[in-house]
Amino acid sequence: MTSNQGTRIDLSKGSSMKSERGSDDLRLSNGRNCPEFLIVHESDSSWGTVEDIDEWHRARGFRSIGYHYVIGNAYPTAASWRKHEPVVRLDGKLRTGRSLGDPDDVDMQIGAHCLGFNTRSIGVCLIGKHGCYSEAQVETLYDFLEGKCRQYSIPPERILGHCETESGRREGKACPSLDMETTRKIIRSRLMGRK
Ligand SMILES: [Zn+2]
């Protein structure tokens, strides 16, 4: 693992973010996001924080980090990963990503994470690559997805991995390297089982 890993990997992800600079996405919206889908992503880095992704995305010309939320692992820095020094309290922690104005209004911000869905979805990114996520991260993801499904009456069928969308497929992405069918099944049963 090298310290520039995150940056290098981020560069390969750029094409899905074109929406930031104008696309059919923005023409259809009145400047507000309308959460109808939940799109799950991976950072494709073994370490990192909201601040790192924000920096990587701004370096690409975006106004800020393109994801609405980030679920961290125990490795906030390249050094912590390299030295195997996990920061356990950060593992599975949900943080707000895209917050261009009122941080309480984050869901209504138009994201820059999945072409064709940016004005009608919430994007959540797991820190990790090749599907290497901690139990804490996956648990946080499930809680998050369940909560947003309830909050916006989103059916679990509308929880998509980036790779399941047209733009993700076109780019040949594996993102988020997670079994989405199982994820939807789990959220569906949670939604049916609890009030
Ligand atoms: Zn993605």
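In which hand does helix 5 pass helix 7? The crossing of helix 5 past helix 7 is right-handed. The structure described here is a predicted model, and the secondary structure of its chain amounts to 7 helices and 5 strands.

**Overall fold**

- Along the sequence, the elements of the chain follow the pattern α-α-β-α-β-α-β-β-α-β-α-α.
- The chain has 195 residues, of which 44% count as buried.
- Among contacts between residues at least 6 apart in sequence, 75% join residues at least 24 apart.

**Nonpolar core**

- The largest nonpolar core contains 33 residues, and those touching the most other members are Leu38, Ile39, Ile53, Tyr67, Val70, Ile71 and Val124.
- At least two residues of this core come from each of strand 1, helix 3, strand 2 (69-71), strand 4, helix 5 and strand 5 (159-161).
- Leaving aside residues up to four places away in sequence, Val124 touches Leu38, Val40, His41, Tyr67, His68, Tyr69, Ile71 and Phe144.
- Among these partners of Val124 are Leu38, Tyr67 and Ile71, which are also listed with Val124 as core residues that touch the most other members.

**Helix 5 and helix 7**

- The axes of the two helices, helix 5 and helix 7, come within 10 Å and cross at roughly 55°.
- Helix 5 and helix 7 are therefore oblique to each other.
- Helix 5 contributes Tyr142, Leu145, Glu146 and Cys149 to the contact, while helix 7 contributes Ile186, Ile187, Arg190 and Leu191.
- By class, the residues of this contact comprise 6 nonpolar, no polar and 2 charged.

**Met180**

- Met180 is located in helix 7.
- Met180 counts as partly exposed because 15 C-beta neighbours lie inside 10 Å, whereas a buried residue would need 20 or more.
- Apart from residues up to four places away in sequence, Met180 touches Leu160, Gly161 and Glu164.
- Met180 and Cys163 are 17 residues apart along the chain, and their C-alpha atoms are separated by 9.8 Å.

**Backbone geometry in loops**

- Most residues other than glycine have a negative phi, and most peptide bonds are trans.
- Asp44, which is not a glycine, has a positive phi of about 60°.
- The position of Asp44 is in the loop between strand 1 (37-42) and helix 3 (50-59).
- Is Asp44 buried or exposed? Asp44 counts as buried because it has 24 C-beta neighbours inside 10 Å.
- His130 likewise has a positive phi, of about 55°, although it is not a glycine.
- His130 belongs to the loop between strand 4 (121-126) and helix 5 (135-152).
- His130 is exposed, because 10 other C-beta atoms lie within 10 Å.
- The peptide bond from Cys175 to Pro176 is cis, and its omega is near 10°.
- Pro176 sits in the loop between helix 6 (166-170) and helix 7 (180-193).

Definitions and conventions
Residues are numbered from 1 along each chain as its sequence is written. This is a predicted model: local features need pLDDT of at least 70, side-chain atom pairs count only at pLDDT 80 or more; totals for chains, interfaces and linings use all residues. Helices (H or I, at least four residues) and strands (E, at least two) are DSSP runs, numbered from the N terminus. A residue is buried if 20 or more other C-beta atoms lie within 10 Å of its own, exposed if 12 or fewer, and partly exposed in between; C-beta atoms are placed from the backbone. Axes are lines fitted to C-alpha atoms, for helices over the stretch in contact, and angles run from 0 to 180 degrees between N-to-C directions. Angles under 35 degrees count as roughly parallel, over 145 as roughly antiparallel, 65 to 115 as roughly perpendicular and the rest as oblique. A crossing is left-handed if the near helix is turned anticlockwise from the far one by less than a right angle, and right-handed if clockwise. Two residues are in contact if their C-beta atoms, placed from the backbone, lie within 7 Å. Ala, Val, Leu, Ile, Met, Phe, Trp, Tyr, Cys and Pro count as nonpolar, Asp, Glu, Lys and Arg as charged, and the others, Gly among them, as polar. A nonpolar core is a set of buried Ala, Val, Leu, Ile, Met, Phe, Trp, Tyr and Cys residues joined through C-beta atoms within 7 Å.
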